[in-house]
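Open the model in your viewer and show it as a cartoon. The tour below goes from one selection to the next.

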Amino acid sequence: MKIKLTSIYVDDQEKALGFYTDVLGFTKKADFTNGPFRWLTVVSPEDPDGTELQLALNDNPAAKTYQQAIFKQGQPALMLFTDDIKADHERIKANGGSFAMAPTAVTGATIAQLNDTCGNLIQLSQLARW
């Protein structure tokens, strides 16, 4: 088995698409509309056939409540891994990203957190090399 898709709730799909492509550097993979429903996914340009991230609209009460609760707790909704967190931190800042936490060494990794402007905290992680 493989994980081929995971979802994150967003409060505005168009704004989320701009953030995940223009700021983070992902590539749009799928964009289909059926009435009021929009299926929207992005992927890493390093692995275009890899795991897709669905940017799912938080248009139901359970999704919105969940999204707001984990944001309020300071819990990341998504964790992304990088081989060079300092370079990605600088690139994302230059693209307009706003960090809640700059790269910080923790046990076994260096992490940073940023706001995706669509209701979520995103954690970047670079695992320590032993």
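A pocket is an open set of grid points with protein on both sides within 12 Å along at least five of seven lines, and its lining residues have an atom within 4 Å of a point. Keep in mind that this is a predicted model.

**Stop 1: the largest pocket**

Select Phe26, Ser44, Glu46, Leu80 and Phe81. Of the 25 residues that line the largest pocket, these lie nearest its centre. The volume of this pocket is about 590 Å³.

Next, colour β3 (37-43), β4 (52-57), β5 (78-81) and α3 (85-94), the elements that each give two or more residues to the lining. Which element gives the largest share of the lining? The answer is β5, with 4 residues.

Now colour the lining by residue type. The lining has 12 nonpolar, 7 charged and 6 polar residues.

**Stop 2: the sheet**

Stay on β5 and follow the open sheet, whose 4 strands come in the order β5-β8-β7-β6 with mixed pairing. β5 and β6 (98-106) are the edge strands, and each pairs on one side only. From one strand to the next, the twist averages 20 degrees.

**Stop 3: a strand pair**

Select residues 109-115 for β7 and residues 121-127 for β8. In which sense do these two strands pair, parallel or antiparallel? They are antiparallel, and 7 bridges join them.

**Stop 4**

How values were computed. Residues numbered from 1 in each chain as written. Predicted model: local features only at pLDDT ≥ 70, side-chain atom pairs only at ≥ 80, totals over all residues. Heavy atoms only, no water. 1 Å grid on protein atoms, 1.4 Å probe; cavity = no way out; pocket = protein on both sides within 12 Å on 5 of 7 lines; lining within 4 Å. Points joined across faces, edges and corners; volume = space filled by probe spheres on them. Nonpolar A, V, L, I, M, F, W, Y, C, P; charged D, E, K, R; others polar. Pairing = 2+ DSSP bridges. Axes fitted to C-alpha atoms, helices over the stretch in contact; angles between N-to-C directions.
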